[in-house]
Amino acid sequence: MFAQAIVLVVYLLQLSLAQYALQEDYSGANFLSGFSFFTEDDPTEGYVDYVDGASSGLFSQSGGTVRLSVDSENVATGRGRKSVRVTSKASYNHALIVIDVGHMPANICGVWPA
């Protein structure tokens, strides 16, 4: 039992000494360099129309803040409510991802998770 505790302490010590270095920064004006807009049909067959954020007015950047939104002014028709979906241009096997979210939709039906 004592040997297992020692091994656990050594393992936890190694984790606490791990060094992390920033590899990419997609904040503010850099956001679109790491992501692209997904405009295909919803792969989960939801009632949503993914549109290009740059031309739809549902995406904006201002003062280091990025805003992704959904059309909340028009009645949804056809493929569904117009919304913005982004896809990362990079893929990772292992990562520590830090995100600062100023507003996240509430946990109500049809909003989150998508």
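Is Y20 buried or exposed, and what is its relative accessible area?

Modeller: The model is a predicted one, and the values below are computed from it. Y20 has a relative accessible area of 63%; because this is over 50%, the residue counts as exposed. Its place is in the loop that joins α1 (2–16) to α2 (31–34). Together with L96 and V98, Y20 makes a nonpolar surface patch of about 410 Å².

For context, the protein contains three helices and six strands, arranged along the sequence as α-α-β-β-α-β-β-β-β. It has 114 residues, of which 18% count as buried.

One aromatic cluster is formed by Y26, F31, F35, F37 and F59. Across the whole structure, a search finds five aromatic pairs. One of them joins F37 and F59 in an edge-to-face arrangement, with 5.3 Å from centre to centre and 80° between the planes. This pair links distant parts of the chain, since F37 belongs to strand β1 (residues 35–37) and F59 to strand β3 (residues 59–62), 22 residues apart. Both F37 and F59 are buried.

A further edge-to-face pair consists of F38 and Y50, at 5.6 Å centre to centre and with 80° between the planes. Here too distant parts of the chain are linked: F38 lies in the loop between β1 and β2 (48–50), Y50 lies in strand β2, and 12 residues separate them. F38 and Y50 are both buried. The face of F38 also has R85 lying over it, at 4.4 Å from the ring centre.

Among contacts with a separation of 6 or more, 61% are between residues 24 or more positions apart.

With neighbours within four places in sequence left aside, S69 is in contact with L58, S83 and V84.

Methods. Residues numbered from 1 in each chain as written. Predicted model: local features only at pLDDT ≥ 70, side-chain atom pairs only at ≥ 80, totals over all residues. Heavy atoms only, no water. Patch = residues over 30% accessible without salt bridge, like charges linked within 9 Å, V, L, I, M, F, W, Y side chains within 5 Å. Areas by Shrake-Rupley, 256 points an atom, 1.4 Å probe, with all protein chains shown as cover. Salt bridge = Lys/Arg side-chain N within 4 Å of Asp/Glu carboxyl O. Helix = DSSP H or I, 4+ residues; strand = E, 2+ residues; numbered from the N terminus. Buried < 20%, exposed > 50% of the residue type's maximum accessible area, 1.4 Å probe, protein only. Contact = heavy atoms within 4.5 Å. Phe/Tyr/Trp six-rings, centres within 6.5 Å; stacked < 30°, edge-to-face > 60°. Lys NZ or Arg CZ within 6 Å of the ring centre and 35° of its normal.
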